[in-house]
Amino acid sequence: MEFQAPAINIAIILPVVIVAGFGLVLMILDMLMEDELRGLGPWISLGGLVLAGLQTIALWLGGSYETFIPVGGHPMVVVDGYAHFFNMLFIITGILAILMSMPYLIKADIDEKAEYYMLLMFSISGMMLMGMANDLLLIFIGLELLSIPLYVMCGIARPREASEESAMKYFLLGAFASGFLVFGLALLYGATGSTALPVVVENFTAGGVIAYTGLAMQLVGLAFKVGAVPFHMWTPDVYEGAPTAVTAFMSVGAKVGGFAAMIRILAEAVPQESAPIWTTAIAIIAAATLILGNVVAISQTNIKRMLAYSSIAHGGYILMAVAALPFSGDAVSASLTYMLTYMFTNLGAFAVIMMVEKSGNRGVLLEDYKGLSKRNLGMALILAYFMFSLIGMPLTGGFIGKFVVFQAAIDANLIWLTIIGVVTAAVSAYYYLRVVFYMFMFDGQGDLEFSPAMMTATTVALVATLAIGFFPGLWLNLARTASLASQLLMAGG
Amino acid sequence: MANHHTSSNRLWILGLIPLAFAAYFFLQLEGVASGQFLQFSIPWVPDLNVNFSIYIDGLSLLMSLLVLGIGGLILIYASGYMAGNAKIGRFFFILIFFMIAMLGVVVSDNIFLLFIFWELTSISSFLLIGFSHESEKSQKSAQQALIVTGLGGLALMAGLIMLGYIGGSWELSELLAQGQFLDGHPAFPAVITLIFLGAFTKSAQFPFHFWLPNAMAAPTPVSAYLHSATMVKAGVYLLARLYPIFGGSDTWFFTLVIIGGITGMLGGWLAWQQKDLKRIMAYTTISALGILVFLLGVGQKIGTEAAVLFLFVHSLYKGALFMIAGSVDHETGTRDVTILGGLRGKMPLTMVAVTLATLSMAGVPPLVGFVGKEVIYEATVENVDYRVWLTAVAFVMNFFNVAAAAAILYMPFIRSQPADTQLELDHTHEAPWTMWIGPLSLGILATLSFFFVGSELFSGQLIQGATEAVYGKPAEIKLYALPPALTIVPILSIFTIVGGIIFFAVQGRLIKAARAADAAVSRFGPESGYFAGFDGLLAGAASITLFVQNGKLRRYVLYVVVSFILFVGLPLFLNFGALSWRLSPPPLLYELIVSAVIILATLMVTFARSRLAAVAALGVVGYGIAILFLYFNAPDLAMTQFSVETFTVILFVLVLYRLPAFKAITSPAGRLRDVIIAVLAGGFMAMLVLLVTAVPQSQHVIDYYAQSSYPLAKGQNVVNVILVDFRGFDTLVEISVLGVAAVGVYALIRRGVIRGLSRGERGES
Amino acid sequence: MNLLLAVVVGTLYGAGIFMVLRRSIVKLILGLGLLGHATNLLIFSTSEVVRDAPPLIKTGETSLEGVFASPLPQALVLTAIVIGLASTAFAIVLMKRAYAIMGTDDVDVMVTTEGS
């Protein structure tokens, strides 16, 4: 009797298992423990993330490029350089989000601490799956695992209309997104006979119109998650209504997660010959996203809302790199670099914003930044630096991100899109600099409260943004290595 | 305050540092002029071929000397001018920061490095203009200056990057060595336009000139340094730097001559009408920048030589004059020339300085300004094709400068104070030494330069070195203090001076009419354009926001469905003919009945008046589908569907129990629109089902499961085997999802929704 | 047969979309329920429906032979049903809470974060 031993290498999926496992531990603690011990939640989560991070680094340094194949069939999970890179992004996002949440939850009077961190951990594990998944169904489930905790976290504040409303909007539109993803999955399955990306790509052309329609629906579903126009509508309302720590977390995590899966699908599940069709669609969406996000951000008076539109716009820049995927060998690493810089800059900006925010959802208007430089020059300068990085000024991480993305777009001969990118970046200077104007040029009562955890998060983000801005070589190399150590390089070079 | 006072008085020592550096640079002059350029480079981002590289040739050296030399004097001056100001430390910090950035601009070899320093100068200018942020005016001016120059900077970067791409290097020195490599390239117009945009905004060329007078809201040392002697020259510097690549093309000549000419004449025209000493100087600065651009446009050896010389001349006298304006303001409390007067006796040293500076400005010997003016006329006269036009424009520009110089010297200083003013000047005295040393030194330097203008050091090294760097070829320069022969050039000079003085004498009678004319024109001027464009952008953004983002969930859903139909449905319909259809055998009777029940129940959910009926109908739909699953050989699905549906219905009934009855709140038109959209979407999905079933199935994967289930997993129920073995990982994650959702439900319920708030109490908001 | 399924799926989608465009939040959630059903049926119908041949390996055999209902879509639908359950349960509670806090079931009134 033949028995084939399952080729399971648990070690390679250990990071995600650790994160989810710590989530589980928190769940149990929450049920069993006394209130005092619940305060350990953030520390346990941090511990889990650090552990997962170390394991990821160990795997990465080990040069591991492996697939996780439960039993026969096709790999459901691919743990390549690309996945390692995203795992690190999500782990760092999680660590910074936790650091920011610790003081913020107290300020915002949110007492569901253990639950909160548990949800955060599960959401991170969902994000990590998005980077590793090699199967449409797993991408769908990963997206749910990423999203459902976020729905809850949006509404976790003490009953408050804005928070409630944002949770509901996020959930309902998120349910739509999942719906599209499943339609797409069903159609791609129908057209190609499989949900495994390597099989989908083989049978894609034979699937004809149905395969394209399925792909389009998958993209629509992911476009929701990354906030691409015209599926961005939830973003401003949700960002404004959710507790700011959650906004910060999802403005990076959910978006990057969506892109992780989107790039994997486009690079692996779609044959090269269909590139002209989908890249045109993505380029148009990118242009619409850039224009709408940057123009509408101008008229915002609430800083959270402004950053919501800004995050839509940043999605547009990443989409530029996505549109260049089949034509530029550097497109994958460009998008990775962009997401890396966006993560640090955006989280850093949110950390300062949370210090300015007052309890009761006050202190979130641009007005509240007037005169901040007088009371706190250092923090005003730091926020100004993050704003410069969001614009993409040289000597900031943001510049490097924009540079490589534009370069990839030019490589791919998307000149018109590059021009739109440059022009909208110039427009964006206005609304980012307005924050700087308010801080430095006006008199007012702008002030902020320090806390050690928030300062730590700010410092990490600042140092990283500076490091990328001043010594980009190292980071570019990292992104390039990550993209090379995967099967994603679809372009000729 | 006493502490501040004493400590700030010692801040002048800081001024010695840049002066020492200036001296060091000065010592390098001989070597650089003989072609031994200073170079320094360390790799920065090797992947992108970006280096931290510095390259100092004659032009860079001249600019560095101006930046450091005038910078040192300005620091000394500022220690007196800002004495007692509580923020003086911060002021000095930003000023020195600017100095380093400006130095960076003129010595950078790498395009990115240049751009970084370029934007840093804009930022420090922004901080300095808004230094006295109390006034709304300075806030607006700071914003305006930053937006205009910042956007120009982005254009410049785009242009330089394109240039670098085409030239295959990020180093200016390597690009310049290739000469006019861009001629005939299809990207030439784009590159040159972007670079012009950057240079023109920075150097306040028409139509972007309006930011500069507004920037005079900055403290006077800043106006003297940034907005006259150095930063505004960055645009000119850049054009001069790129002369070897673009110079000589028609685009270059006509654009620069026309824009520079307009700027030069417009600045002069506006200058003489001003009452504020600083505004007079601001407009003459615009005029001078126009002259510089004009001269670079004229080009050739003599044009570049004239530009280099005038750059030097202007920096000396205008730096001095701004400092003097500040001293006057400092000692009298006003800069209004119509009420000032009689300062010659009260501020004797300043009087000497202002005399030297204005004479240089007017181009009167024995000051180097005279030589500058001579060379300008030489350049226009030497042009073969457009001699008359160019000379006429240069004459107008110079002529206004003479008139303005006369006004600056005569009105506050030489004449007696007008009797009918309220201004009390009896106790006015000389400014502290820190404030007269700078202008006086610059005035003396301008005089010395005149006498040594023909020396090897001045014309052979300083001016020739810079000219060769601009011109890109060896150029023998010989300057003369006084014209060696009486040609048309010195005659023009004399006419300019005499004409300017006569104009000054009669200008009082013209001023009213001129101001009225300006007011009428300025409504259509570029500054109105800036504000209109700005307001338009804001208003446009606001209205787009209201349209796309009104906060209503339903609207969002509508957008999504409509975009979906457009983006996904429409292409399908357009390819209708190419689609393949295949109908499978007709359904059996009981399948038909179950389907009919599902459809009826669906309609009932949609149109039911009572919530309970709708929920019940939804349950029927679910059970109906479960029965279909059962018919079509999916027993596991059927069982799951049955239990899930039961659970859902129970949950609905429990939770929805207290909600209000449905009301018909949508307008009939809205309902009609929704029905149309729903029918379209539904029809589209139905079509998709037909299409999907028409695709021949790839059996490969299914066969694998069919063959391997039993041997590998010992399971007879293949669906179960897939779930728990082949796709066990999926299922594990799926269970996590379920668990998380359960926790979410629990979290929401725990916070008193069901208990405390269920009677419709409103939470705190 | 696929025509019938298409009609059922189309009706479910149409009705579901009509419902999610209503102002009452209860209708909205009922609409999501309909859409969920529609999706499950859509996935199910991606492979040919077969009568009287469940994907069960008969005792004594080691593989599925002959004509059998495709097992993979069934597995997919099972996943979708379970995730759908999670969503629906969550939606119901979320909606209840929103109603309790905001005092209305009209989604058009829930616009506190409306653009500025």
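Predicted model: local features only at pLDDT ≥ 70, side-chain atom pairs only at ≥ 80, totals over all residues.
Visitor: Why are α12(B) and α15(B) called roughly parallel?

Guide: Helix α12 (residues 233–241) of chain B and helix α15 (residues 277–298) of chain B pack at an angle of about 5 degrees. Angles under 35 degrees count as roughly parallel, so the two helices get that name. Their axes are 10 Å apart.

Visitor: Which residues meet where α12(B) packs with α15(B)?

Guide: From α12(B) come Val236(B), Leu239(B) and Ala240(B). On the side of α15(B) they meet Leu289(B), Leu292(B), Val293(B) and Leu296(B).

Visitor: What makes this contact of α12(B) with α15(B) nonpolar or polar?

Guide: The class of its residues decides: Ala, Val and Leu are among those that count as nonpolar. The contact therefore has seven nonpolar residues, with no polar and no charged ones.

Visitor: How many residues do chain B and chain C put into their contact?

Guide: Chain B gives 97 residues and chain C gives 85 residues. On the side of chain B, helix α29 (residues 668–694) gives the most, with 14 residues. By class, that side of chain B has 61 nonpolar, 26 polar and 10 charged residues.

Visitor: What is the secondary structure of chain C?

Guide: Chain C has three helices and zero strands, and its pattern along the sequence reads α-α-α.

How values were computed
Residues numbered from 1 in each chain as written. Chains lettered and ligands numbered in written order. Axes fitted to C-alpha atoms, helices over the stretch in contact; angles between N-to-C directions. Helix = DSSP H or I, 4+ residues; strand = E, 2+ residues; numbered from the N terminus. Parallel < 35°, antiparallel > 145°, perpendicular 65-115°, else oblique. Contact = placed C-beta atoms within 7 Å.
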